[in-house]
Amino acid sequence: MWQAEVRVDLDAIRENVARLRSGTTAEMMAVVKADGYGHGMVPSARAALEAGADWLGVCTLDEALTLRRAGITAPVLAWLLAPGLPLHEGVTAGVDLGAASLPQLDEMIEASRRAERPARLHLKIDTGLSRGGATVADWPALLDAAAKAQADGLVEVVGVWSHFVYADLPGHPTTDRQLAVFHEGLDMVERAGLRPRYRHLANSAATLTRPDTHFDLVRPGIAVYGLSPVAGERYGLRPAMTARARVMLTKRVSAGTGISYGHTYHVERDATVAVVPLGYADGVPRHASNSGPVQLGGVRRSIAGRVCMDQFVVDCGDDPVAAGDVVTLFGDGADGAPTADDWAEVVGTINYEIVTRFGSTRVPRTYHGERSS
């Protein structure tokens, strides 16, 4: 008997990847960073590859090496690399690395020497996000240094890439401006004498809405897990995660009784309240106090009072509920239960954050649709 669980439907991930794959002629990188957006990195990666993904994308070197230790041999790109990491381990493991500055390039050259093999690099240009990537002003120097290192046999420039600011708002003019800067950056790449196999720019939103940005490789992330990056659109995707728990206990309380810390909620009349053993330590946002939607007994309800570290309370009125009943926080919505999008709207965030929060080691993930290797 389980107390709380995060159920992940790997068939949904496969369906979503196949759906995304059918909409492009480019190769596909399934992004599985952040423990597969809370879905479990290794199972999600395997499901994505089974459905036709060609690449896997992660942020950290450790994430990439975890995939390798799990026996996954597909191409992997890791791009969030602070100074001083053992990059030679990634080079030895055949992990592609993202480079955005001369100091990063120098570290990757040193890593290639230690590994005694060329480091495979994807050079990143900042086209407007002002986050990672070399500025347009710094781009030529990075290209020249990379071209020299490649001529010396120390690196192989495999890709050139960037990241969108507003692709989740189709039609936003920033997207076209970034695309123009990316084209300018590619012209500089050619003038530097580099011929990378992969040019990649499209995230989930651009994969779904901007085929002119697909180039050689697309990088869907949230869409792999069935959540749309564009508000109000579904694109035929099926959410893969369901978060649920069993009622721990129920009790009758009198009208006017205050509920949970600070008594920010009072029952209006005599009522049955249900205590649910999930809290902000498990991924339930504390901002969902007095508002988080759940389904219990086939009825959509809201959290009553403050979300605690380990539990929250639901006011069930006079409805018949009992310990052991299942409370669904969110799922695919097919049965009327809330979705991650519903939660995001209530707490003022995005669906990415909702599912990624549910990576607590205290709440087990169960997988459906697993295939024997």
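Predicted model: local features only at pLDDT ≥ 70, side-chain atom pairs only at ≥ 80, totals over all residues.
Contact here means heavy atoms within 4.5 Å. Leaving aside neighbours within four places in sequence, D216 is in contact with A26, E27, R197, Y198 and R199. The model holds 22 salt bridges and six aromatic pairs.

- D216 is located in the loop that runs between α9 (204-209) and β9 (217-218).
- With a relative accessible area of 17%, D216 is buried, because the cut-off for that class is under 20%.
- A polar contact of 2.7 Å joins the side chain of D216 to the side chain of R199.
- Two further contacts of D216, R197 and Y198, also belong to a charge-over-ring arrangement, in which the charged end of R197 sits over the ring of Y198 at 4.6 Å from its centre.

- Side chains of opposite charge can pair when their charged atoms come close.
- D35 and R365 form one of the salt bridges, with their closest N and O atoms 2.7 Å apart. D35 belongs to helix α2 (residues 33-37) and R365 to strand β19 (residues 365-368), so this pair ties together parts that are 330 residues apart in sequence.
- Both partners are partly exposed: D35 has a relative accessibility of 32%, and R365 has one of 25%.
- A salt bridge also joins the side chains of D54 and R21, at 2.9 Å from N to O. This pair links distant parts of the chain, 33 residues apart, since D54 is in the loop between α3 (41-50) and β3 (55-58) while R21 is in helix α1 (residues 10-21).
- D54 counts as partly exposed at 24% relative accessibility, and R21 is likewise partly exposed at 23%.

**Other salt bridges**

- The side chains of K148 and D152 meet in a salt bridge with an N to O distance of 3.0 Å.
- K148 is exposed, its relative accessible area being 55%, whereas D152 is partly exposed at 46%. The two residues fall into separate classes because exposed requires over 50% relative accessible area.

**Aromatic pairs**

- Among the six aromatic pairs is that of W55 and Y198, which is edge-to-face, with 5.1 Å from centre to centre and 80 degrees between the planes.
- W55 lies in strand β3 and Y198 in strand β8 (residues 198-202), so the pair ties together parts that are 143 residues apart in sequence.
- W55 and Y198 are both buried.
- A cluster of Y37, Y225 and Y352 is linked by ring pairs.

**Charge over a ring**

- R246 lies over the face of W2, at a distance of 4.2 Å from the ring centre.

Definitions and conventions:
Residues numbered from 1 in each chain as written. Heavy atoms only, no water. Salt bridge = Lys/Arg side-chain N within 4 Å of Asp/Glu carboxyl O. Helix = DSSP H or I, 4+ residues; strand = E, 2+ residues; numbered from the N terminus. Buried < 20%, exposed > 50% of the residue type's maximum accessible area, 1.4 Å probe, protein only. Polar contact = N/O pair within 3.5 Å; in protein donor to acceptor, adjacent residues only side chain to side chain. Phe/Tyr/Trp six-rings, centres within 6.5 Å; stacked < 30°, edge-to-face > 60°. Lys NZ or Arg CZ within 6 Å of the ring centre and 35° of its normal.
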